[in-house]
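Subject: Structure handover

Hello,

Here is the structure for you to look through. My notes follow below it.

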Amino acid sequence: MKACVVVFPGSNCDRDVIHSLSTRVKANVSALWYEEHKLPQDTDLVVLPGGFSYGDYLRCGAMAATAPILNAIKGYAEGGGLVLGICNGFQILTEARLLPGALLANKNLKFICRQCAVRAERTDTPFTSNLQTGQVLKMPIAHHEGLYFLPPNDLKQILANKQVVFRYCNNDGTIDDKSNPNGSVDNIAGVINKGGNVLGLMPHPERASEKILGSEDGGLIWDSIASWLKKGGRC
Amino acid sequence: MNYKAVGLREEEYQAIKELLGREPNESELRILGVMWSEHCSYKSTRPLLKMFNSEGKYVIQGPGENAGIVDIGDGWAAAFKVESHNHPSAVEPYQGAATGVGGIIRDILAVGAWPTACLDGLFFGKTPRNSTLSLMDGIVSGIGGYGNAVGVPTVGGKTFFDDSYEGNPLVNAMCVGIVSQEKIITSKTAKAGQLAVLIGSRTGRDGIAGAAFASAELAEDTKSSKPQVQIGDPFVEKLLIECCHELLREKLIASMQDMGAAGITSSASEIAAKSGTGIYIYADKVPTRDENMTPWEIALSESQERMLVIIEPENYERVEKCAQKWLLECAPIGEVTDDGRFKIINNGKTVVDLPAEMVGGGCPEIHWPSQKPAYLESIETERAYTLPQDAFRDICLSIISDPNVKDKSWIYEQYDHTVQINTVVGPGNPVSVIRVKENNKFLALTMDCAPWSCWLDPYNGGAESFLKAARPLWACGAEILGMTDCLNYPSPESPENYWILTETVRGLAQTAKDMDCPVVSGNVSLYNESPGKKILPSPLVGLVGLLETMEEFLPSGELEEGDVLFLVGPKKGFLAGSLFQRLLDKSIQGKPAQYTPTAEISFKERALRTAKDKCCSSVRVIGSGGLVTAIAKECVFAQKGASINLKSEHLVPEVLFGEGGPRAIYSVKPDKIAIFEHIWQDFGLLKIGTVQKEKTLEFLGLSSFSLLEITSCWRR
């Protein structure tokens, strides 16, 4: 797998994603500077990592969504290329309108860092192909703006399109308010575009890809992408 | 201008005139007023700090640089330091705490290390008044707001609650960084002819003379001190870290200093003094944020997120290009000379001309009068406490729900503690553990303090402050590499306060030395008092230990069903200053734990062997709240019950609620009891119960609690 991780000023999970991808699935990963206009040839996966791009000063992800590299990423996504946005990366993808909805301040208006359980709602995507439907993954969240929101009609639409890939849940997979850490609509933790090749999620798979870090479940997402690519999967 | 207006004492002013052979001009006086303040010069505590031993087999760099550095093997090193930001946090909690984190991260950056983990020591008022709650809220958000954005995980720390900290909150931030031993940067390596370059934020009027502000008691109206508080910008700090590391990788940096207290003045004069050179700063070349700043304002501004980098002149373009890449201001603001002078030149005119050594190092020491406080003579030491059986239950629940014991997740969940993917054991545990990717080893980190013991018995309280931080490291199986400390005290100008300060430092220094732990860095914060109120003596200790592998790590809170619970160490702890005693008496009374070096060394050796021999599932050193609290916490974390069966002679407050001394509970695997008993024989060993499936914690002969009841008391 040839992956690149975009580095914006203020990104702070870029090295973590690179470490995780290169150790877990032996991916050939490079860092890609936000001012670039092109992606490296034969890129299999683009990751927009977590962090505080531009300090999150205007609105999380809003400035990064206008960076030069985003045009290249849009073109790449239109051509079916795999794009994954984690945390701030998810915020950037919504700001760039590559994904529906928006991420607002957590319900308690505080930063929340804790281990969470999420349930896989779809297993037919490149990012979840190795999972079982309903499988529960443990991955940490760490954000101040992670409340996924979209107007009721749009929500209906993404539900109808089956665009919800992950939902916050209890350890046994049940979904309720208690298991919703940030007040996200419908416990949504991750959504995919209609084409099925652009995924955004708030939990950090790269922080849960090694046994020593308390969970390896995030690694299943890297495994899924690797096996999807191996099978020559297209979206 | 009068010397008193800049906070200098008469003898200091005389010393200045003598050293200069003339009267200082206004700018010079303002600069010396800040540089010779307590905060910058350590003039009151320098004689005391000499008591600390800073040598040891792992020490690469002791005190005097931006951070202490210890060897962690394979050519790698850990740099660490703790620093206070107490006064600013009292005035403007969010920014005060945030810039405290920013400052300590830059200290670690300045030695060339990558900032890898932060810990925080927080001290708050206990009574939940609105003022205390808003300070707490602001300080916690400030630490999170800064650390989270910079991408340095806050992996642990310690929080204390006592009403002596009301209005005088303490914020002590510690940072640990990893650096290749070959790439350590010092302030000693500047050479004449090199260029001084300022990288980072523009210089504004924020925080001018903040160091002098931190060296006096807080005014009644803390709002009048607002201009002395700096404003932090974690985004710029993050860019600064990336930029400096890129410059380091390209080997463009000859020497480097962060700009903290006293800004350009302290960073530039320190490099010159340590390198044995001079330095000229051109004030008009410093990019400013405000208009019409005077040269001394520029020289003393404490604007955040700035680094002073010393480079070869021919490399300037490359440095500038790198700074531009990271969206940072960059300006050549001075040059290193061979004349030993610290000069500030503005538009061709020399406005400050001082010997570089005198700026940072010239301040004479102050030997404050010292007198044993009268209250120590009148402390009642012989009071006996009884434990009525019907009161046991209520006392237990009060202790478990005391803020000093209670769950702190509401604090640490606001901190990103998992970024950089190294956090193996995070906050909420007695020891935090981070993985070092560079050499596949692990650092075990603790932070602790025994303020109540320090008040009752300063020497032994100082000792206990070290031991409280050390015992959990030994218990988890880590070897201690070094210590950093933050000495938080009220004004040294009161003879009683100075006596307490001296005695606690003596106890702390002696214990660290006996336990083979070098003190490699630290910070002093005095004058922590406001009208009518002063803090308890609070020497906060931060320790860094090494674990070769996680195989040898013994965790806490991992009780296994069927395990046998043992208490090791003296059966009785001390009630003086304990949570039990404070709750009962509503004051601090008695004689606390007395430091016994042989017992501590014996505990250390046995604890390390216990972890290595893998005969236990879990360990918890007995701390705040005593044995009962330690067992309750083990049960809550493991979500297992326990049945505690003590002889009636042991159902006394000293056993159940006593604190201090080398005492711990071990959860021993049933088939490994013989090994465990062999390790601990002749030390003090008592079988106290078993871990059970049933989710109750029962103290036979006293009372029984459901796990749910304890958990809900303990959680907020």
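A:Asp186 sits in the loop of chain A between strand E9 (164-169) and strand E10 (188-192). Its phi is positive, about 60°, although A:Asp186 is not a glycine. Counting C-beta atoms within 10 Å gives 16 others, so A:Asp186 is partly exposed. Please bear in mind that this is a predicted model.

A:Arg97 is another residue to look at in chain A. Its phi is near 60°, a positive value in a residue other than glycine. A:Arg97 belongs to the loop between helix H3 (88-95) and strand E5 (102-104) of chain A. A:Arg97 counts as exposed, because it has 10 C-beta neighbours inside 10 Å.

On confidence: the model scores ipTM 0.97 and pTM 0.96. Chain B has an average pLDDT of 94, and 97% of its residues score at least 70.

Now the contact between the chains. Chain B contributes 22 residues and chain A contributes 23 residues. On the chain B side, helix H7 (130-150) and helix H9 (234-249) are the elements that give two or more residues. H9(B) has the largest share of that side, four residues. By type, the chain B side splits into 11 nonpolar, seven polar and four charged residues.

Next, the domains of chain B. The assignment gives domain 1 (53-184 + 433-548), domain 2 (185-209 + 226-358) and domain 3 (554-716). Between domain 1 and domain 3 of chain B, the C-alpha centres lie 26 Å apart. Their contact takes 21 residues from domain 1 and 25 residues from domain 3. On the domain 1 side, helix H17 (451-456), H18 and helix H19 (495-514) of chain B each supply at least two residues. H18(B) gives the most to that side, with 11 residues. The residues on the domain 1 side comprise 10 nonpolar, six polar and five charged.

The largest nonpolar core has 313 residues, and B:Ala78, B:Ile281 and B:Leu443 touch the most other members. Helix H18 (residues 458-476) of chain B provides the largest share of this core, 10 residues. What does B:Ala78 contact, leaving aside its neighbours within four places in sequence? The partners are B:Ile69, B:Val70, B:Ile72, B:Val176, B:Ile178, B:Leu443 and B:Val544.

B:Gly68 lies in strand E2 (residues 68-73) of chain B. Is B:Gly68 buried or exposed? B:Gly68 counts as buried, because it has 27 C-beta neighbours inside 10 Å. Leaving aside neighbours within four places in sequence, its contacts include B:Gln61, B:Pro63, B:Phe80, B:Gly482, B:Thr484 and B:Val520. B:Ser255 is 187 residues from B:Gly68 along the chain, and their C-alpha atoms are separated by 16 Å.

Last, helix H22 (residues 626-638) of chain B. At 1.5 Å a residue, its 13 residues should span 18 Å. The end C-alpha atoms are 18 Å apart, which agrees. Of those 13 residues, 11 are buried, so H22(B) is largely enclosed by the rest of the structure. Among the buried ones are B:Leu627, B:Val628, B:Ile631, B:Lys633, B:Glu634 and B:Cys635. Just after H22(B), B:Gln639 takes a positive phi of about 50°.

Best wishes

How values were computed: Residues are numbered from 1 along each chain as its sequence is written. Chains are lettered from A and ligands numbered from 1 in the order in which they are written. This is a predicted model: local features need pLDDT of at least 70, side-chain atom pairs count only at pLDDT 80 or more; totals for chains, interfaces and linings use all residues. pLDDT is the predictor's confidence in each residue, from 0 to 100. Two residues are in contact if their C-beta atoms, placed from the backbone, lie within 7 Å. Ala, Val, Leu, Ile, Met, Phe, Trp, Tyr, Cys and Pro count as nonpolar, Asp, Glu, Lys and Arg as charged, and the others, Gly among them, as polar. A nonpolar core is a set of buried Ala, Val, Leu, Ile, Met, Phe, Trp, Tyr and Cys residues joined through C-beta atoms within 7 Å. A residue is buried if 20 or more other C-beta atoms lie within 10 Å of its own, exposed if 12 or fewer, and partly exposed in between; C-beta atoms are placed from the backbone. Domain bounds come from an automatic or database domain assignment. The expected span of a helix is 1.5 Å times one less than its number of residues.
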